[in-house]
Amino acid sequence: MEIPAQPFSNRKSQLSAAKRALLEKRLRGESVSLAKTLTIPKRSPEATLLLSFAQERLWFFNLLEPANPAYNSSFSLKLSGHLDIAALEQSVNSVIERHEILRTNFTTDNSEPRQVIHAHRPITLSYIDLRDRSASQQTAEVNRLAAEHSQHPFDFAQEPLLRVMILQLGTIDYIILTTIHHIINDGWSIGVFIQELFTFYQAYRQGIEPILPELPIQYADYALWQRQYLQGDVLEKQLNYWKQQLAGIPSLLQLPSVSEARRRHRPRPPVQTNQGQTQAFSLNSTLTQQLRQLSQNAGTTLFMTLLAAFAVLLYRYNGQEDIAIGSPIANRDRTETRHLLGCLVNTIVLRTHLENNPSFTQLLAQVRETTLQAYAHQQIPFEKVVEALQPERNLSHAPLFQVMFVLQNASIAPLKLPGLTLTPLQPQVSTALFDLTLTFEETATTLVGSWEYSTDLFAADTITRMTGHFQTLLEAIVVNPACGIGELPLLTPSELHLMLVEWNNTATPYPKDYCFHQLFEQQVQRTPEAIAVVFDDRHLTYQELDRQANQLAHYLQKIGVGAEVLVGLCVERSLDMVVAILGIFKAGGVYVPLEPTYPQERLAYILADASVAVLLTQSKLAELLPRHQTQIVYLDGDRLLSQQPQTPPICQSQPHNLAYAIYTSGSTGQPKGVLIEHLGLLNHLYAMIANLDLKETDAIAQTASISFDISIWQILTLLLIGGRVHVFKYEIVREPVQLLEQIERQAISVLQIVPSLLKMLLEEVERSQPQIPHLCKLRWLLVTGEAFPTNLQDLWFDYYPDIPMMNAYGPAECADDVTLYPIFQGATGELKSLLYK
């Protein structure tokens with residue numbers, strides 16, 4: 001029976017990453033690296049035992065921090081059955097005898113590091129009997145001993161760099177803890193070590209001579225060959241690729257590091273501590289198969305597909321379009337190194353460009369080419385790349401990349417020996433070499449993932465959310481890889497429900513059967529003698545403000561103002577401004593603010609576009625107003641006003657009637673009038689009362705122009721609860737020294753300004769040191785209207801750590817603020833500016 005040949009793309013996708021890279025090279029007509037055709041020779045007896053490049057870096061780290069366990073590699077095995085401890089110890093020492101690197105220490109010769117290989121270096125296995133403990137006590141003690149075993153530092157010069165401990169839990173239940181320093185070990189080596197260990201064990205238990213092929217070379221041979229090979233043209237050619245590929249690479253990838261549980265940002269420590277934790281997750285068989293199929297269809301490996309998706313996740317978190325991710329490569333493509341123990345692993349830097357919102361398919365093609373090129377230049381040690389590029393070094397993070405991605409084949413499957421079953425255990429990791437490492441382990445049907453993360457930067461709940469986002473992203477990618485990476489969803493179903501349903505369940509009871517002026521009148525009855533509004537050295541009590549507004553309202557009704565009639569207001573900042581707004585409301589009219597400093601053309605446009613029936617103004621502004629047909633009422637000169645009744649007029653307005661019409665800035669074209677009902681106005685005002693916990697003892701600084709929508713709540717909110725409104729002159733608002741003085745003098749508790757004005761205020765505070773303004777009554781600083789740089793946030797809390805901020809934003813169409821973000825501490829480097837776009 002003839003078996004049909006597989007399509008070329010199918011067969012190619014099944015090759016290992018290294019073989020794919022080699023095939024791609026040959027398809028492009030490039031020659032095979034000479035290094036792969038040369039045999040690594042055994043060293044001569046008199047050869048100087050140099051360190052490999054990777055070993056040299058690890059030796060240097062140990063020299064700087066000898067007590068740092070970050071490069072201790074630990075693994076644990078659970079054994080069930082009848083364990084022969086003597087045979088196990090003999091087997092461990094047989095592996096040590098077979099591999100020189102396990103008998104190696106490190107010293108210096110004329111300040112240069114050297115390997116010292118002992119002829120024999122047997123070790124004794126530690127043994128602890130826990131059979132007398134309860135199950136819970138055993139678990140706690142195993143965790144404690146495992147942490148202690150893995151965290152204890154090694155003495156490079158004196159002691160073996162491998163230790164093994166046996167914990168007996170029951171008659172036939174054991175746990176084997178093994179810790180090896182990375183300078184003599186890598187991930188590949190662990191698999192070799194375990195396989196050889198139990199090959200020896202099985203032979204010794206059966207009383208036969210172990211049979212293992214002779215090693216063609218030892219690690220010291222490889223280290224010496226690497227030093228001799230990577231010189232001259234070979235080194236230069238490899239380095240030139242990496243210099244070009246990584247030129248201009250960003251020095252740091254900032255990621256959000258806020259804890260959802262504590263809602264606090266974690267600042268990056270000045271010196272990397274390598275403290276970390278791990279968190280595991282898995283992708284189900286359906287998603288795993290879909291990812292494999294997508295990889296096959298795209299002519300890529302699963303590694304490339306997952307790497308591209310990981311880059312998208314990082315990009316979506318911080319918006320950085322140039323992302324570097326490190327990835328380990330086994331560096332075992334030579335037959336002499338396949339069964340060798342030692343640190344052969346190398347690290348390559350995979351750079352991804354994500355600008356212009358490419359589709360995932362397009363991005364995957366880029367990642368494929370980048371990865372293949374990196375494989376073709378994998379021989380250059382990472383240490384040499386760093387040395388050649390000379391990036392700016394910072395003790396707070398690793399150079400060139402801070403995030404790593406790993407895909408490995410399934411770990412050692414349960415081994416069955418005569419009378420003994422072995423199962424690998426997940427190690428309890430408490431270190432992290434990088435900010436974040438994502439590792440996937442590929443099994444027959446699923447992908448098992450694990451995050452290793454810096455606990456200086458991330459909380460466990462942050463990583464849990466990251467897992468959900470990555471799974472959501474992968475599910476979207478396999479369904480629609482042609483989608484732009486900026487449109488791919490991230491939020492999990494529960495997060496979407498939280499955002500769209502729970503966070504929007506903001507309905508709060510507020511008076512819906514009244515207009516604003518009716519609620520104000522109720523407050524007048526409660527606190528008639530309390531001060532309502534202040535301007536310069538003058539003020540009005542609630543009763544005085546109400547009576548003057550009533551007189552204006554009676555007059556406006558006599559000249560035709562009623563429900564839905566638009567009344568323009570063009571006045572300077574004054575008590576008249578507040579009286580006029582209330583008077584318009586009480587007459588049933590619609591307040592249309594007109595800033596007197598605006599150009600005549602804009603004022604004329606608004607008057608005409610709104611068909612304003614009546615214009616309230618002041619005599620001194622008459623010459624500044626454009627020509628118009630609107631009936632004018634002068635608030636400061638019309639004697640008829642003072643002759644009107646001081647009692648409330650009968651008003652026909654209902655809550656669904658308009659309260660005001662305010663014009664947008666016109667930054668995107670002609671200004672547009674926004675119409676807001678009393679219901680919408682009150683909804684916003686009572687929301688501010690609740691969000692800021694406003695009380696009758698509060699005093700707000702009214703700083704905004706009457707044509708700026710935030711002026712509405714600044715003027716009206718406290719009038720509902722008996723507080724004070726302080727209307728500041730333009731010259732005070734624009735002059736930081738005077739503004740700070742007035743905030744203190746008037747005992748202002750709520751201040752709202754734009755960030756550009758905050759910057760000037762803080763500059764003045766800085767100049768006034770050491771006698772900075774105390775602002776002792778200020779309870780809230782609200783910022784709005786512009787991007788809010790985090791340096792201003794930091795500076796504010798440097799001077800006023802006990803005065804919180806509120807970042808507010810909202811369009812005029814929604815009665816001003818629709819989003820509020822309270823801030824109680826300085827920002828961190830990871831927190832981007834909150835932009836209003």
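**Exercise 1. Which side chain meets the side chain of E521 in a salt bridge?** Then find where the two partners sit and decide whether they are buried or exposed.

*Solution.* Keep in mind as you work that this is a predicted model.
- Step 1: Look around E521 for a partner. The side chain of K586 meets that of E521 in a salt bridge, at 2.5 Å from N to O.
- Step 2: E521 belongs to helix α16 (residues 516-526), while K586 belongs to helix α18 (residues 575-587). The pair links distant parts of the chain, 65 residues apart.
- Step 3: Check the surroundings. Both E521 and K586 are buried.

**Exercise 2. Where are K620 and E572, which form a salt bridge, and how exposed is each?**

*Solution.* 
- Step 1: Start with the distance. The closest N and O atoms of K620 and E572 are 2.8 Å apart.
- Step 2: Locate both ends. K620 is in the loop between β21 (614-617) and β22 (631-634), and E572 is in the loop between β19 (566-570) and α18. They are 48 residues apart.
- Step 3: Compare the relative accessible areas with the cut-offs. Exposed means over 50%, so K620, at 58%, is exposed. E572 has 31% and is therefore partly exposed.

**Exercise 3. Which residues join R43 in one salt-bridge network, and how many salt bridges does the whole structure have?**

*Solution.* 
- Step 1: Pick out one pair. R43 and D221 meet through their side chains, 2.8 Å from N to O. R43 lies in the loop between α3 (34-37) and α4 (53-64), and D221 in helix α8 (residues 219-229), 178 residues apart.
- Step 2: Judge their cover. Buried means under 20% relative accessible area, so D221, at 4%, counts as buried. R43, at 24%, is partly exposed.
- Step 3: Follow shared partners. Salt bridges of this kind join R43, E100 and D221 into one network.

**Exercise 4. How do helices α10 and α11 cross, and which residues make the contact?**

*Solution.* 
- Step 1: Take the axes of α10 (residues 285-298) and α11 (residues 302-318). They come within 8 Å and cross at roughly 105 degrees.
- Step 2: Name the arrangement. Angles of 65 to 115 degrees count as roughly perpendicular, so this describes α10 and α11.
- Step 3: List the contact. L291, R292, L294 and S295 of α10 meet L302, T305 and L306 of α11. By class, the contact has four nonpolar, two polar and one charged residues.
- Step 4: Visit another residue of α10, namely T288. With 0% relative accessibility, T288 counts as buried. Beyond residues up to four places away in sequence, T288 touches L283, T445, T446 and L447.

**Exercise 5. In what sense do strands β10 and β11 pair?**

*Solution.* 
- Step 1: Find β10 (residues 322-329) and β11 (residues 346-353). They pair in the antiparallel sense over eight bridges.
- Step 2: Trace one bridge. D322 has H353 in β11 as its bridge partner.
- Step 3: Check how covered β10 is. Seven of its eight residues are buried.

**Exercise 6. Is M688 buried or exposed, and what does it touch?**

*Solution.* 
- Step 1: Go to helix α21 (residues 678-691), where M688 lies.
- Step 2: Read its accessibility. At 1%, M688 counts as buried.
- Step 3: Leave aside neighbours within four places in sequence. M688 then contacts D693, L694, W713, T717, L782, D817 and L820.

Note on methods:
Residues numbered from 1 in each chain as written. Predicted model: local features only at pLDDT ≥ 70, side-chain atom pairs only at ≥ 80, totals over all residues. Heavy atoms only, no water. Buried < 20%, exposed > 50% of the residue type's maximum accessible area, 1.4 Å probe, protein only. Helix = DSSP H or I, 4+ residues; strand = E, 2+ residues; numbered from the N terminus. Pairing = 2+ DSSP bridges. Salt bridge = Lys/Arg side-chain N within 4 Å of Asp/Glu carboxyl O. Axes fitted to C-alpha atoms, helices over the stretch in contact; angles between N-to-C directions. Parallel < 35°, antiparallel > 145°, perpendicular 65-115°, else oblique. Contact = heavy atoms within 4.5 Å. Nonpolar A, V, L, I, M, F, W, Y, C, P; charged D, E, K, R; others polar.
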